[in-house]
Amino acid sequence: MGDSRKVALITGITGQDGAYLARLLLKKGYIVHGIKRRSSSFNTGRIEDLYQDPHESDPRLILHYGDLTDSTNLIRVVQESQPDEIYNLAAQSHVQVSFETPEYTANADGIGTLRLLEAIRLLGLTDKTRFYQASTSELYGLVQSVPQNETTPFYPRSPYAAAKLYAYWMVVNYREGYGMHASNGILFNHESPLRGETFVTRKISRAAAAIYLGKQDKLYLGNLDAQRDWGHAREYVRGMWMMIQQDQPDDYVLATGKTTPVRQFVEWAFEDIGVEIEWRGKGVGEKGYDVASGRCLVQVDPRYFRPTEVDLLLGDATKAKEKLGWVHETSVRELAAEMVREDLKVMQTSVVMKEA
Ligand code: NDP
Ligand code: GDR
């Protein structure tokens, strides 16, 4: 008797979304293949608890070394895993870093997506393998209108967004040209305790925890006025899976429909460690003070300004709600509290271990 379990391949399995998605698919009974990059230091921390000894007789999580810049590697991994579903989450995903590494970002995020689509086609898997592409609200870039939905025009404002725009259209092209079940999830910002440490929400939650524990003096930030539609990553990976289960492929926005300035997220994170922040000054000179002690805890540093900024993101996920039944649950205020709480836990544990 053949194995009826579904097989998924996740690129970017070691990232925030990859870790949540792997967990979800394993829970649903999938066999999950993941692509991880060779690194001189440990990079599988987020999926450590899912790890299975490859010597086990029937492993359900199988990791392959690979890279989106390496076509032959991708072809081999797709051939070996014969996936029913591919989730392409791998990317150089940091917008500011993309200004410093524009060529690499185009290669990994743009051409990398094409490489995977071609691997499916060359291996004759267009009828079997469904494809999810991690598209992004960064495509909207310079605000044309809000709230942004599937019909709002794109205006990318960074090498990252331009690379993702190419990937977006290649997915549409392979869907229309070769009849592939390929979908774009246009996901607005989603965060969690597993968020990379240099994205603004995690940078803030870690700083609040570290300042509370006396391990950091001050938090330096860039544009405090940027507004983002922040949701919880765990809920967004559920939406990815739902898109792939539809009879017809399509493109969907996932968002909460609420937008929040960076400065508000800062105020909440500090509120969670019992500090009220008062802002003084404007622009580059702006600082945030602890009302009780008068200490300066937050300072604007222009090094975090971007050559071109995306000022306002606010998504309209009506289509996902009506067609997929997807809804978000966690509010941005709850998200901030969870992130600070988890960072405090992690840091307190490391302090205790150091003392021991
Ligand atoms: P992360 O930065 O946390 O994870 C990115 C993953 O991609 C990591 O596993 C990373 O590996 C891997 N990766 C990076 N470059 C390559 C490469 N050249 N070849 C193979 N793997 C690579 O991102 P998120 O989990 O937050 O996001 C997942 C995807 O969704 C990304 O494509 C991102 O652009 C997109 N997205 C994210 C949103 C968000 O708010 N989180 C919103 C909209 C879209 P390593 O661990 O070794 O670095
Ligand atoms: P973003 O996320 O660029 O929206 O991309 P990020 O958290 O990096 O920035 C959000 C906003 O905060 C402002 N900001 C700062 N950002 C960072 N990283 N560090 C700072 O010190 C800082 N100070 C202010 C930024 O200027 C920006 O306006 C994320 C990524 O996950 C992408 O991969 C994804 O596609 C989009 O979200 C949707």
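Q: Setting aside its neighbours within four places in sequence, what is Val32 in contact with?
A: In this predicted model, and leaving aside neighbours within four places in sequence, Val32 is in contact with Ala8, Ile10, Ile13, Ala22, Leu25, Leu26, Arg60, Leu61 and Ile62.

Q: OK, and which residues touch the most other members in the largest nonpolar core?
A: Val32 is among them, together with Ile10, Leu21, Tyr87 and Tyr132, in a core that has 43 residues.

Q: Which elements give two or more residues to this core?
A: The strands that do so are S1 (7-11), S5 (130-136), S6 (182-187) and S11 (251-254), and the helices are H1 (16-27), H5 (159-178), H7 (233-245) and H9 (318-324). A second, separate core has 31 residues, including Ala226, Leu297, Val300 and Ala336.

Q: Switching topic, what volume does the second largest pocket have?
A: Its volume is about 280 Å³, and of the 13 residues that line this pocket, Pro193, Arg202, Glu342, Asp343 and Val346 are the closest to its centre.

Q: Which element gives the most to that lining?
A: Helix H10 (332-355) gives the most, with five residues, while H1 and helix H6 (200-212) also give two or more.

Q: And how many of the lining residues are charged?
A: By class, seven are charged, five are nonpolar and one is polar.

Conventions: Residues numbered from 1 in each chain as written. Chains lettered and ligands numbered in written order. Predicted model: local features only at pLDDT ≥ 70, side-chain atom pairs only at ≥ 80, totals over all residues. Heavy atoms only, no water. Core = buried A, V, L, I, M, F, W, Y, C linked by side-chain atoms within 4.5 Å. Buried < 20%, exposed > 50% of the residue type's maximum accessible area, 1.4 Å probe, protein only. Helix = DSSP H or I, 4+ residues; strand = E, 2+ residues; numbered from the N terminus. Contact = heavy atoms within 4.5 Å. 1 Å grid on protein atoms, 1.4 Å probe; cavity = no way out; pocket = protein on both sides within 12 Å on 5 of 7 lines; lining within 4 Å. Points joined across faces, edges and corners; volume = space filled by probe spheres on them. Nonpolar A, V, L, I, M, F, W, Y, C, P; charged D, E, K, R; others polar.
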